[in-house]
Protein chains: 2
Amino acid sequence: MSQTLDRGLQVLPLLAQGPTGLGEVAEHLGVHKSTALRLLRTLHEHGLVYRQSDQRYRLGARLFALAQEAMESLDVREIAHPHLVRLNEACGHTVHLAVHEEGEVLYIDKVDSRYPVRMYSRIGKPVALTVAAVAKVLLSDLPEAERRTLAEGLDYPLYTPRSTPHAAAFLKELAAVREQGWATDLGGHEESINCVAAPIRGADGRTVAAMSVSTPHVVVPRDELLALLPLVRRTADAISGEFSGRPPTKDTP
Amino acid sequence: MSQTLDRGLQVLPLLAQGPTGLGEVAEHLGVHKSTALRLLRTLHEHGLVYRQSDQRYRLGARLFALAQEAMESLDVREIAHPHLVRLNEACGHTVHLAVHEEGEVLYIDKVDSRYPVRMYSRIGKPVALTVAAVAKVLLSDLPEAERRTLAEGLDYPLYTPRSTPHAAAFLKELAAVREQGWATDLGGHEESINCVAAPIRGADGRTVAAMSVSTPHVVVPRDELLALLPLVRRTADAISGEFSGRPPTKDTP
DNA sequence: AATGAGCATTGCACATGATGCAACGTGGCA
DNA sequence: TGCCACGTTGCATCATGTGCAATGCTCATT
């Protein structure tokens, strides 16, 4: 829609891949160097782009700050966090919180069992849609039609022999998840990792987020992880309750 | 320089503060609503902005992903992290890693204290320049002239009675830090928090980052924190060594 | 139900501001 | 020293972004 802004924004993913010189940027955008220069300067003024000593450009500081602030303004996250910590303390395993946004599922919080929260370790990175337990929970809440369209548009990479192989299997699984109100990933993404996930729902009953507990199966066998399910679901429900308790803007009757 | 891009980018910090409607955005930019709409649409196409159900706009998923990628491309951070973790395991306190970038100092990594008392800081947030130990370390490496200019352009907020009161004191302190190769913040930012920081240097001897250990003085008295100094410096030096060992692109003779 | 207020959205004519060009400056390398 | 590659600047052109006014939409009020 807006050419200048569009071009300017194209620079960001380019720089994300690594430091880039003016010439490369111009070429990538298909514009004259002087144009690229002006765009980069503007990005620079906003702190989104940083010029390192060899005159090449990198993504800049403000970007981190923005992402961080945006993160903190997510209400679910704020409400959920103490619950996640408590769950982590109770069971000792890694706990994730994820949301669905425009065809992507991404982690917005994480409490790790061994190391304290590493802000950017995985948070913000899109999740493998076809196998992750949180993705199954979130996508299973979509209306039938959307689920089908989405499932058919996806790739089904075989991370492991247990990965969901094709759209039909995925849709079947989503239906089951929708029915039972929870999901698992038993070695579908990484051979040795199992997860259980449960939905967090808003006042209107729609799923607004999903949380999961992940364990390496060498430490915790599958049935032992499944024994945690009630605890996970109880935690998710507690968050749901608190979240719908004070709806941010309006009620749904 | 580039008006359209400039306006578009002004939207991001605005949305970072919380969900915002079209009208507000337009007003904030001082442009017509239709203009704001086109900007938001373009931002939306790039995934930087997300439209929530109540039609207000929030920062979007791609921003997290970008920040994530940018973060990973910071070599220092990658190299330093395991050292920070090890230091945290050794002493149990909060460890920070920070860099200097265009007049700002910001945390790029953090390993939380294992004690329940945690200090409030966040990755990506600019640091209080005049008092933080990491800021002193980083700024002390600037050339004399720049240091002076910078120091005189700063505000000197009195967070506590121990905060650096004015430019003269700050410059004096920076000189001392430069000389001794480490810095402290003894209750200058928050009354009850003390820090020690040390520089991480590149192959050419210039400071590329700074790391610090922070402790609440109720848990650790000052002299006990200072006793940690050798360990902190050793860690910083280890990181420096590893960092200069394999320079990413080219050597400096 | 009906009404209206508040908001987002669309099409259009105008001129502002983004663009590419060509000339200039600069630093590194042989 | 001279060359080459790259970043930088000023300027004339017109593509693009802009504000306006009119339309559509959703909700709250009567």
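Author: A residue is called buried here when its relative accessible area is under 20%, and exposed when that area is over 50%. The structure discussed below is a predicted model.

Reader: Which residues of H8(B) are buried?
Author: Helix H8 of chain B runs over residues 167-180, and its 14 residues reach 20 Å from the first C-alpha to the last, close to the 20 Å expected at 1.5 Å a residue. On one side of H8(B), the exposed residues are B:Ala168, B:Lys172 and B:Glu179. On the other side, the buried residues of H8(B) are B:Ala167, B:Phe170, B:Leu171, B:Leu174 and B:Val177.

Reader: What do the buried residues of H8(B) pack against, and which residue follows the helix?
Author: In chain B, the packing partners of these buried residues are helix H6 (133-139), helix H7 (144-153) and strand S5 (183-186). After H8(B) comes a residue whose phi is positive, near 80°, and this residue is B:Gly181.

Reader: Turning to the DNA, which element gives the most to the surface near DNA strand C?
Author: The protein surrounds DNA strand C with 20 residues, the closest being A:Arg7, A:Thr35, A:Arg38, B:Gln3 and B:Arg41. By class, this surface has 4 nonpolar, 11 polar and 5 charged residues. With 4 residues, the element that gives the most is H3(B).

Reader: Which residues of H3(B) are buried, and what arc do they cover?
Author: H3(B) has 13 residues and reaches 18 Å from its first C-alpha to its last, close to the 18 Å expected at 1.5 Å a residue. The buried residues in H3(B) are B:Ala36, B:Leu39, B:Leu40, B:Thr42 and B:Leu43. They lie on the same side of H3(B) because the arc they cover around the axis is only 160°.

Reader: What do the buried residues of H3(B) pack against?
Author: H3(B) is followed by B:Gly47, whose phi is positive, near 75°. The buried residues of the helix pack against elements of both chains, namely H1 of chain A and, in chain B, H1, H2, strand S1 (49-51) and strand S2 (57-59).

Reader: Which element gives the most to the surface near DNA strand D?
Author: Of the 21 residues around DNA strand D, those that come nearest are A:Gln3, A:Arg41, B:Arg7, B:Thr35 and B:Arg38. The residues of this surface divide into 4 nonpolar, 12 polar and 5 charged. The element that gives the most, with 4 residues, is H3(A).

Reader: How far does a polar side-chain atom of A:Lys33 lie from a base nitrogen of DNA strand D?
Author: Sugar or phosphate accounts for 73% of the atoms of DNA strand D within 4 Å of the protein, and bases for the rest. Between a polar side-chain atom of A:Lys33 and a base nitrogen, the distance is 3.3 Å.

Reader: Is A:Leu138 buried or exposed?
Author: A:Leu138 has its place in helix H6 (residues 133-139) of chain A, and among the residues that A:Leu138 touches are A:Val99, A:Val105 and A:Val208. Because its relative accessibility is 4%, A:Leu138 counts as buried.

Reader: What is the relative accessible area of A:Thr184?
Author: A:Thr184 is found in strand S5 (residues 183-186) of chain A, where its contacts include A:Val131, A:Glu173 and A:Leu226. A:Thr184 is buried, and its relative accessible area is 15%.

Definitions and conventions
Residues are numbered from 1 along each chain as its sequence is written. Chains are lettered from A and ligands numbered from 1 in the order in which they are written. This is a predicted model: local features need pLDDT of at least 70, side-chain atom pairs count only at pLDDT 80 or more; totals for chains, interfaces and linings use all residues. Side-chain values use heavy atoms; hydrogens and water are left out. A residue is near a molecule or strand if one of its heavy atoms lies within 4 Å of it. Helices (H or I, at least four residues) and strands (E, at least two) are DSSP runs, numbered from the N terminus. Ala, Val, Leu, Ile, Met, Phe, Trp, Tyr, Cys and Pro count as nonpolar, Asp, Glu, Lys and Arg as charged, and the others, Gly among them, as polar. The expected span of a helix is 1.5 Å times one less than its number of residues. Buried means under 20% relative accessible area, exposed over 50%, partly exposed in between (1.4 Å probe, protein chains only). Contact means heavy atoms within 4.5 Å. The arc is that of the directions from the helix axis to the C-beta atoms. A polar contact is a pair of N or O atoms within 3.5 Å; within protein, one must be able to donate a hydrogen and the other to accept it, and residues adjacent in sequence count only if both atoms are side-chain atoms. Lists of a residue's contacts leave out its neighbours within four places in sequence.
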